[in-house]
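Keep the viewer open as you read.

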Amino acid sequence: MTADFVSAKPTPDLAFISQHLFTAILWVNDELSITWLNAQAEQLLAISSGRLLNQSILTLLAPDELTLKESPNIDNSDGDEQIRPLTERFNQAQHYQQPFIDHDHLINTPLNGHSPLSVDYSVTPVVYQQRSYFIIEMWGKDRQSRISEEQRQQQQYSVARHMLRSVAHEIKNPLAGIRGAAQLLQRQFIKFSDTSIVNSKPATLNSNFPAVINNVNSVLNPLSNANNDLQKTASKLRSYTDIIISETDRLTQLIGQFLGPSQLPNWQTLNIHEPLEHVLALIIHQYPRVTLQRDYDLSLPELCADKDQLIQVFLNLINNACESMTEFEQVLQQNASTELSHLPSNITPLSTNGNYGSYQPKLHIQTRVVFQHTIGGQQHKQVLQVTITDNGSGIDPALIRQIFFPMVTSRATGTGLGLSIVQDIISRHHGMIDVSSNQSQNPNYSRQNNHNNYHNNTNSQTCFTLYLPFRQPIIDA
């Protein structure tokens with residue numbers, strides 16, 4: 001009787017479990033065709049399941065062997081079959097039921113636009129419903145390296161900002177004392193100046209005593225001249241105190257920028273396109289030459305963030321991008337004018353319309369959802385990705401790793417604080433920011449094969465990528 005009420009334990013749905021693993025998994029039949037893959041495999045390979053299903057696994061792992069397999073032998077006079085090492089390893093694994101692992105394998109396939117990807121992968125032969133299959137697990141080397149590099153950089157940024165804040169606090173307190181002392185000194189000069197003016201006025205005497213008046217004036221004139229000199233000195237000293245006060249105010253403001261936002265984020269639910277469009281409305285009219293390209297994913301879920309702080313982030317990034325492109329265009333035009341002035345009279349340039357070649361400043365902004373992304377050791381099922389790309393002069397490779405540190409800038413007029421503030425705000429939102437850039441070479445003239453060609457190399461690009469979780473972790477008060 002009791003046995004009738006004992007129910008069997010439910011068997012877990014392995015396909016459901018596989019979809020929630022961090023490891024990319026592909027299910028391959030004995031003909032080496034991909035018959036199933038999980039979401040992480042799509043994310044790692046940047047290829048949709050619709051394009052991968054029924055494709056040969058050799059398309060990913062050994063495209064050369066797939067070409068040999070599909071092409072007839074050109075020369076088979078010796079009777080030897082063409083050697084296909086990976087195909088043979090699959091056959092051996094199936095025959096002996098022995099898994100194998102390959103490290104640092106480079107995937108380069110037209111399915112993902114020939115974007116190179118370094119992976120480690122394992123192949124495990126199995127028998128399922130009396131048919132042979134292979135379970136292939138993949139781990140992205142690039143992803144692991146990226147996570148390690150991001151964690152290392154984040155630690156460096158945290159240490160640098162902590163040190164900077166400590167120094168800023170030590171400087172801020174004496175500045176307040178200096179300003180207060182300068183204000184007290186200035187008040188004393190004003191009081192002294194007013195007293196001197198009062199004392200310099202002669203007493204009113206009766207006009208019936210001209211001799212007495214003459215004697216008094218003879219005594220007061222030297223005193224009046226001395227008071228005038230003292231007033232000039234006091235006025236000059238007051239100008240010095242004005243300089244001290246204005247400079248301490250400037251340094252105090254600079255220290256405030258070092259310290260970053262003083263208040264915690266005001267969490268609110270918002271659409272990421274609201275702060276973006278707000279900043280674009282403020283900035284884009286200042287740069288009429290810049291072409292704006294929007295690539296928004298309007299189906300994005302709402303984000304939990306501080307709207308004002310995100311506005312500050314986008315304001316810094318977009319303004320930097322526009323200034324970089326404007327300065328780059330000015331440099332190109334100056335170089336063009338210089339080169340044109342040195343051209344021999346028998347050379348006709350391709351462009352003499354005042355603009356350097358066909359350069360057009362372009363600002364590209366893209367919003368997307370990224371799945372299974374790791375930020376600071378925390379794995380997120382989905383995060384927001386905002387990409388801001390410009391075709392300015394680019395960032396010096398020597399500075400690219402330190403660009404988010406305070407006082408580091410690649411622009412002559414930059415303060416080196418904007419990107420540091422951006423990094424700090426993004427960290428407060430438990431996100432991350434990444435930058436990639438290829439720097440343009442200086443424009444020049446090229447003379448080859450007795451032909452004079454006027455050309456430029458303006459294929460530079462700088463890309464800032466922000467990753468933000470859609471939900472913020474609960475912080476106990």
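A quick convention before anything else: contact here means heavy atoms within 4.5 Å. What you're looking at is a predicted model, where local features need pLDDT of at least 70 and side-chain atom pairs count only at pLDDT 80 or more, while totals for chains, interfaces and linings use all residues. Residues are numbered from 1 along each chain as its sequence is written, and side-chain values use heavy atoms, with hydrogens and water left out.

Start with A41, which sits in helix α3, residues 39-45 (helices are DSSP runs of H or I with at least four residues, strands are runs of E with at least two, and both are numbered from the N terminus). If you skip its neighbours within four places in sequence, A41 is in contact with A24, I25 and L26. Look at T23 too: A41 and T23 are 18 residues apart in sequence, yet C-alpha to C-alpha they are 7.5 Å apart in space. A41 has a relative accessible area of 0%, so it counts as buried; the cut-offs are under 20% for buried, over 50% for exposed and partly exposed in between, with a 1.4 Å probe and protein chains only.

Next, hop to H105 in strand β3, residues 100-107. Its relative accessible area is 15%, so H105 is buried as well. The H105 side chain makes a polar contact with the side chain of D102, at 3.3 Å. Such a contact is a pair of N or O atoms within 3.5 Å; within protein, one must be able to donate a hydrogen and the other to accept it, and residues adjacent in sequence count only if both atoms are side-chain atoms. Not counting residues up to four places away in sequence, H105 also touches L60, L61, L117, S118, V119 and Y121.

Now for the greasy parts. A nonpolar core is a set of buried Ala, Val, Leu, Ile, Met, Phe, Trp, Tyr and Cys residues joined through side-chain atoms within 4.5 Å. The largest has 44 residues, and L303, F314, L317, I318 and L363 touch the most other members. Elements giving two or more residues to this core include α10 (273-283), β9 (362-375) and α12 (418-428), while α11 gives the most, with 11 residues. Beyond four places in sequence, F314 is in contact with I272, P275, L276, V279, N319, V386, I388 and L466. There's a second, separate core of 30 residues, which includes L32, L58, Y121 and V123.

Helix α12 is mostly covered, with 8 of its 11 residues buried. Among them are L419, I421, Q423 and D424. Just after α12, H430 takes a positive phi of about 60°.

Zooming out, the protein has 12 helices and 14 strands, and buried residues make up 37% of its 477 residues. Of the contacts between residues at least 6 apart in sequence, 69% join residues at least 24 apart.

How far should you trust the coordinates? The average pLDDT (the predictor's confidence in each residue, from 0 to 100) is 77, and 68% of the residues score at least 70. Over residues 76-81 the pLDDT is below 50, and this stretch has 1 contact beyond near neighbours in sequence. Residues 442-457 also stay under 50, though there the model has 32 contacts beyond four places in sequence. Where pLDDT is low, the predicted coordinates should not be read in detail.
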